[in-house]
Amino acid sequence: MTKIESVNVTKSYKIRDLGNGKSPDADTELLALDQVNLEIKKGEFLVILGPSGCGKSTFLDMVCGLSKPDQGTILIDGKAIDGPGLDRGIVFQQYALFPWRTARKNVEFGLEAQNIDKHRRQEISQEYLNMVGLQGFENRYPYELSGGMKQRVAIARALAFNPEVLLMDEPFAALDAQTRDILQRTLLRIKAQTGKTILFITHSIDEAVFLADRVAVMTARPGTIKEIIEVPISREEKLMDDVQSTPKFIKTRYALWETLKEEVDKAQEICRSCPVEECSFAEKAGGNLAGLTPESIPQKVRVQ
Ligand code: ADP
Ligand code: MG
C-alpha cells in the first residue's frame, strides 16, 4: 500500500542579483528539483541518497509541508499535502531542541499542543525517552547533553505524538562515527518495534545500505530520481555484528556507488561553476564533496 507519493514534483528557487558582479546579472531561477516521481510504501524504510545540493532537503521540506511544489503533487494516504501535520514527525540534522526545556519537556512539547493532561504526558514522554535509551536523563537540559543524546531527544520528540511517518533529514550527519553507528542501530530497533513508515535522507552510501529497505538515488541538480535499489538484507541481519563485511552488503554498497559516482562528479562541477559567491556549497567544491569521492570507498568494496 502506498503511504507517500510524489508525482512530477518540480521546484525552483529565485536567485537574487547581489550586484557584486559575481552573482547572476539579474534575478534568475535555479531549478532544484525536476519531475520527481517516487512512491513510499506503508511501513517501508526508504532512504533518499544523493550528492550535496541535489535537492534532498528541498524535497523533504515539501513532504513535511513546509513548502510547496511549483508543479506536481505530493500525496499522503492519497491526499495532497497542504502544510505540516501530526501524521508526520520530523528530525533535522541540527537538533532543533528548545534550550530552555529539559529533555522530558522537549518530548512533551507536541503533546501540550494537543491538550493531553500532565500525567498522561509524563507517561508518554517516559515511554519514548526509554525507547531511545535516555532513561536517567529526563531532567537534563540540551546544553547538558552530548550531540548524540540531543538527537535521541529529537527522535523521541518526533515519535511522542505517534505519527505514522517519520521524516529525517541527515539526522546523524553531524555526529561522530561511533555515535552515528549506535544511533543507526537504535533507529532500526525503533523501526522494528513501531513499524512506522520512514523517509530518511543521507549523502552516505553506508548509512543508506545499513538503514534502507530501498534506496532512491538522486541525480545531481536538478534533482530527480535516478534509480531505486533494493537492499536484500533483513533488519535482523543488519543488527547482527559486522554486517558491513558480508558479501550482500558489499555488493549493494558497490551498486549504489556505481550509480552515484557520476552524480557526485556532476555536483562538483555544478559547484565549481556556481556564480553565487555566497552559496554555502561553493566551499566544498574544491575538495571532497560531502565525503563522496572514489577514494572514500574502501578497496574491498571494489568487487568485480
Ligand atoms: P541537499 O539537501 O541535497 O544538499 P538542498 O535541497 O538544500 O540540497 O538544495 C538544492 C539546491 O537548491 C542547492 O543548489 C541550493 O543551493 C539551492 N537552494 C536551497 N534552498 C534555497 C533557497 N532558499 N534559495 C535559493 N536556493 C536554494
Ligand atoms: Mg540537505
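E123 and R120 are joined by a salt bridge in which the closest N and O atoms are 2.7 Å apart. Because E123 and R120 stand three residues apart in helix α3, about one helical turn separates them; E123 is partly exposed, with a relative accessible area of 39%, and R120 is also partly exposed, at 38%. The model examined here is a predicted one, and a search of the whole structure finds 19 salt bridges. Three of the pairs are set out below.

| Pair | Closest N to O | Relative accessible areas |
|---|---|---|
| E123 and R120 | 2.7 Å | E123 39%, R120 38% |
| K248 and E237 | 2.9 Å | K248 36%, E237 25% |

K248 forms its salt bridge with E237. With K248 in helix α8 and E237 in helix α7 (residues 235-238), the pair ties together parts eleven residues apart in sequence. Elsewhere, K226, E262, E263 and K266 are joined into one network by salt bridges that share partners.

Two helix pairs can be described in turn. Helix α2 (residues 103-113) packs against helix α3 (residues 118-131) at an angle of about 125°, their axes being 9 Å apart, which makes α2 oblique to α3. The crossing of these two helices is right-handed, and residues including V107 and L111 of α2 meet residues including I124 and L129 of α3.

Helix α4 (residues 147-160) and helix α5 (residues 177-194) pack at about 20°, with their axes 10 Å apart, and α4 is therefore roughly parallel to α5. This crossing, too, is right-handed, and its contact is made by G148, Q151, R152, I155 and L159 of α4 together with T179, I182, L183, T186 and I190 of α5.

D169, in strand β7 (residues 165-169), has K56 as the nearest side chain of opposite charge, 6.8 Å away; beyond its neighbours within four places in sequence, D169 is in contact with S57, L60, V91, F92, Q93 and I201. E207, in helix α6 (residues 205-211), has R180 as the nearest side chain of opposite charge, at 5.0 Å, a separation outside the 4 Å limit for a salt bridge. Leaving aside neighbours within four places in sequence, E207 is in contact with F172, R180, Q184, F200 and T202.

Key. Residues are numbered from 1 along each chain as its sequence is written. Chains are lettered from A and ligands numbered from 1 in the order in which they are written. This is a predicted model: local features need pLDDT of at least 70, side-chain atom pairs count only at pLDDT 80 or more; totals for chains, interfaces and linings use all residues. Side-chain values use heavy atoms; hydrogens and water are left out. Helices (H or I, at least four residues) and strands (E, at least two) are DSSP runs, numbered from the N terminus. Buried means under 20% relative accessible area, exposed over 50%, partly exposed in between (1.4 Å probe, protein chains only). Lys and Arg count as positive and Asp and Glu as negative; His and the chain ends are not counted. Contact means heavy atoms within 4.5 Å. Axes are lines fitted to C-alpha atoms, for helices over the stretch in contact, and angles run from 0 to 180 degrees between N-to-C directions. Angles under 35 degrees count as roughly parallel, over 145 as roughly antiparallel, 65 to 115 as roughly perpendicular and the rest as oblique. A crossing is left-handed if the near helix is turned anticlockwise from the far one by less than a right angle, and right-handed if clockwise.
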